[in-house]
Amino acid sequence: MNATTSAADKERVFRAVYADVHRDLERFVRRRAGPEVVEEVLADTFLVVWRRLDDVPAAPEDARAWTFAVARHVLLTQHRADRRRQALGLRLTADATTSTTSADEADTVARRVELARAWDRLSQVHQESLGLSVLEGLDATRAAAVLDISPVAYRLRLSRARRALRAHLDHQPPSSRARRGTPERSTP
Amino acid sequence: MTWTRQTEDDLRSLDPATRGQEMTPARHDALLERVVAEGAARDAAPASTPVAAPAAERPRRSTRAVLVTGGLVAAATAGLLVLPPLLGGGDSAYASWTAVPDGLTAEQRHDAAEDCREGYRDTGGPNDYSRELDDATVAVAERRGEWITVVLSGADGFSALCTTDASDPFGPTSGVVGSIGTTTGWTPPGPREVVPDALGRGSTGSGDFSMAAGTVGNEVTGVSYDSTLHGTVVATVNAGHFALWMPGDELDDAQAAGVALDLTYTDGTTSTVVVRL
């Protein structure tokens, strides 16, 4: 992005950036913070964007990832009492219901309940790695930029996160495994 | 359970951001006007308290700079990529490192190879070795304390090396070094030859390390290095490849000066050879 030459230019460019990213940025924050702080985190994040407007990448997808990185730093700073914290975990919703009424609905719900439980057992580092890929839809290069690590390191981390989730799914507590078989399932 | 598109669809179905109340357009408009007004006011009063944006303000570690200053030296290859060492490994000062490597369990070997493949896959550009990685097999898989090294080997001199700190609390992938590439004009080593393709010094958050890795002929059964700091450092030798490494920078100039390796052959004889890139 070119250097802003006037206050009017700066405001115009900022409004364009805001329009491009605000919805995705809100979702990014909502995945990682309680609803009561979302608006304040967004305000702090966009104030950084305002001040560093010349640093915002020109390409929309890069700009989106860049604002995610800023929001992540804002969120981590809110947790600075825990100095060891270097990752932001994500909590999935406990509501695993589907909008369909097909014969497989119960099985789908059971599968998602198991998935949510397995997710809760992941480390925050693994949750964060998977979240950037699956929920934010970032490629490795942009996800790595959010985390301030190399793309190779991010891919390694993502590989391990997937394996950890698979392992948790394969080793669900007996109670949840039993529940999975409970819903009645019709067969052709 | 395998990782499928359905797994990702299921995860997305549990996305908390798609449930509950999102901010309305009116609230976003209000937030936008609030930030614009506050930002403009701060611009007009630069001596006032700085905007709180702490972490984003810190100097960013440049991956490119780390690559230049800390990368492991590797052979002249076509499209070689040296993986930048990352800061912040969990094994401080390589405290767990051992001069003699241990093997890996089948599961550890599989996981380490999978991580190495995924780490280098789909990089795009001239350094994209996704196809070679698909065809590569595990030649070396060893453990020295908390540090795991794998070498994936493919046709025409292709190899990919990954050394990671399994104790790293952040992944565990913050402490990771390696190299990947295909040696230009590569020919198989002679029966009693050793040909390095990665040699020199690198660094992680745990400090400097020195590494030698490459290919060996089919009569070479053992490779070791007489370290001034650590005594005899034994390489893993398998499937025509060898790899050894040690804490410290004693191989810093090995690419030019060479490094003396002690070789053991199938007939029980030994020799010392000096190899360089």
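## Chain B overall

The model is predicted. Chain B holds seven helices and 13 strands. Of its 277 residues, 49% count as buried.

The accessible surface of chain B is about 12300 Å². Carbon and sulfur atoms account for 53% of that surface. Contacts also reach along the sequence. Take those in chain B between residues at least 6 apart: 61% of them join residues at least 24 apart.

## The sheet from β6 to β10

Strands of a sheet pair through backbone hydrogen bonds, in a parallel or an antiparallel way. In chain B, four strands form an open sheet in the order β6-β7-β11-β10. The pairing is antiparallel. Which strands stand at the edges? They are β6 (194-204) and β10 (236-238) of chain B. Each has a single partner strand, so one side of each lacks a neighbour in the sheet. From one strand to the next, the twist averages 15 degrees.

Within it, Thr236(B) stands opposite Ala243(B) of β11(B).

## The sheet from β9 to β13

Another open sheet of four strands in chain B runs in the order β9-β8-β12-β13. Its pairing is antiparallel. The edge strands are β9 (231-234) and β13 (270-275) of chain B. Each pairs with a single strand, so one side of each is left without a neighbour in the sheet. Here the twist averages 35 degrees from one strand to the next.

Ser224(B) stands opposite Val234(B) in β9(B).

## A helix crossing in chain A

Two helices meet in chain A: α6 (residues 140-147) and α7 (residues 151-170). Their axes come within 8 Å and cross at roughly 95 degrees. Angles of 65 to 115 degrees count as roughly perpendicular. α6(A) and α7(A) are therefore roughly perpendicular to each other.

Which residues make the contact? From α6(A) come Ala140(A), Thr141(A), Ala143(A), Ala144(A) and Leu147(A). From α7(A) come Pro151(A), Tyr154(A), Arg155(A) and Arg157(A). The residues of this contact divide into six nonpolar, one polar and two charged.

Notes: Residues are numbered from 1 along each chain as its sequence is written. Chains are lettered from A and ligands numbered from 1 in the order in which they are written. This is a predicted model: local features need pLDDT of at least 70, side-chain atom pairs count only at pLDDT 80 or more; totals for chains, interfaces and linings use all residues. Side-chain values use heavy atoms; hydrogens and water are left out. Two strands pair if DSSP finds at least two bridges between them. Axes are lines fitted to C-alpha atoms, for helices over the stretch in contact, and angles run from 0 to 180 degrees between N-to-C directions. Angles under 35 degrees count as roughly parallel, over 145 as roughly antiparallel, 65 to 115 as roughly perpendicular and the rest as oblique. Contact means heavy atoms within 4.5 Å. Ala, Val, Leu, Ile, Met, Phe, Trp, Tyr, Cys and Pro count as nonpolar, Asp, Glu, Lys and Arg as charged, and the others, Gly among them, as polar. Buried means under 20% relative accessible area, exposed over 50%, partly exposed in between (1.4 Å probe, protein chains only). Accessible areas come from the Shrake-Rupley method with a 1.4 Å probe; for residues, only the protein chains shown count as cover.
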